[in-house]
Amino acid sequence: MKLNQHNNLNKRKELKVIMNNQRTQTIQNTKTYTMAMIALMTAVTCVVAPLSIPIGPVPISLTNFAIYLSLYILDWKKGTISYLLYLLIGLVGLPVFSGFSGGLWKLAGPTGGYIIGFIPMAVIAGIIIDNLKPRWIHFIGMVIGTAICYAFGTVWFCLQSGTPVPAALSICVIPFIPGDLIKMIIAIVIAPKIRKQLDMIERFREN
């Protein structure tokens, strides 16, 4: 009887060790996958953000579209981290900002406020996307976040260039509203589908 109890105890210990090892491996795999996805979305941003149309002091770019996608494919924390990594890459001088530019001078220039404004945009829009299901609310979250980005950028532009606020709005905000709304709609339509496919791949990989 004692021998059986001892064997059963050893089996339970062995089973516990195996389960702990599996749990540790799963956590490590999850962390690796998360880091890879953050790096992927950072790379995507580095690729699409430099593509821009110079229509004035502030060019039309796809930076905010890349952020919208990141918020869906990752979440607000990881999406924000992805953008911050992109920002650091640009600040060290690599040409990943709009117009294939880079360096601290870009941040200190008249459009630097928009680059910083993307951070609260990502946080606010991302939190709303993560916590509320209706997509029309996601759209409102993106609008609010983008409006805050506009505010950051316009204030900075006015301070740097000495342009009055009404003139700055006509140059830096109003021309971009239709395009940004279209980017939001496209992100709302395609990004959840991409996220669903990635989740299926991740579940298949785990199994």
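This is a predicted model: local features need pLDDT of at least 70, side-chain atom pairs count only at pLDDT 80 or more; totals for chains, interfaces and linings use all residues.
1. Overall fold. The protein chain contains eight helices and two strands. Read from the N terminus, the order of these elements is α-β-β-α-α-α-α-α-α-α.

2. Burial and surface. The protein chain has 207 residues, and 39% of them count as buried. Its accessible surface is about 11900 Å². Carbon and sulfur atoms account for 72% of that surface.

3. Contacts along the sequence. Contacts between residues at least 6 apart in sequence were examined in the protein chain. Of these, 71% join residues that are at least 24 apart.

4. Salt bridges in total. Two salt bridges are found in a search of the whole structure. One links aspartate 75 with lysine 78, and the other links aspartate 180 with lysine 183.

5. Aspartate 75 and lysine 78. The side chains of these two residues meet with an N to O distance of 2.7 Å. Aspartate 75 has a relative accessible area of 19% and is therefore buried, since the limit for that class is under 20%. Lysine 78, with a relative accessible area of 27%, is partly exposed.

6. Aspartate 180 and lysine 183. In this salt bridge the closest N and O atoms are 3.2 Å apart. Both residues belong to helix α8, which spans residues 177–206. Because they are three residues apart in that helix, about one helical turn separates them. Aspartate 180 counts as buried, at 6% relative accessibility. Lysine 183 is buried as well, with a relative accessible area of 11%.

7. Phenylalanine 100. This residue deserves a look for its backbone. Its phi is near 55°, a positive value in a residue other than glycine. Most residues other than glycine have a negative phi. Phenylalanine 100 is located in the loop between α3 (76–91) and α4 (104–108). At 52% relative accessibility, phenylalanine 100 counts as exposed, the cut-off for that class being over 50%.

8. Leucine 104. Helix α4 includes leucine 104, which is exposed, with a relative accessible area of 59%. Leucine 104 and leucine 88 are 16 residues apart along the chain. The separation of their C-alpha atoms is 9.7 Å.

9. The cavity. How many cavities of 30 Å³ or more does the structure hold? There is one. Rolling a probe the size of a water molecule over the atoms shows where empty space is left. The volume of the largest cavity is about 320 Å³.

10. Lining of the cavity. The largest cavity is lined by 22 residues. Those nearest its centre are Val58, Pro59, Ser61, Tyr114 and Phe118. At least two lining residues come from each of β2 (60–61), α2 (63–73), α3, α5 (112–131), α6 (135–161) and α8. By residue class, the lining of the largest cavity comprises 13 nonpolar, six polar and three charged residues.

Note on methods:
Residues are numbered from 1 along each chain as its sequence is written. Side-chain values use heavy atoms; hydrogens and water are left out. Helices (H or I, at least four residues) and strands (E, at least two) are DSSP runs, numbered from the N terminus. Buried means under 20% relative accessible area, exposed over 50%, partly exposed in between (1.4 Å probe, protein chains only). Contact means heavy atoms within 4.5 Å. Accessible areas come from the Shrake-Rupley method with a 1.4 Å probe; for residues, only the protein chains shown count as cover. A salt bridge is a side-chain nitrogen of Lys or Arg within 4 Å of a carboxyl oxygen of Asp or Glu. On a 1 Å grid over the protein atoms alone, a cavity is a set of points where a 1.4 Å probe fits but cannot get out, and a pocket is an open set with protein on both sides within 12 Å along at least five of seven lines; lining residues have an atom within 4 Å of a point. Grid points are joined across faces, edges and corners, and a volume is the space filled by probe spheres set on the points. Ala, Val, Leu, Ile, Met, Phe, Trp, Tyr, Cys and Pro count as nonpolar, Asp, Glu, Lys and Arg as charged, and the others, Gly among them, as polar.
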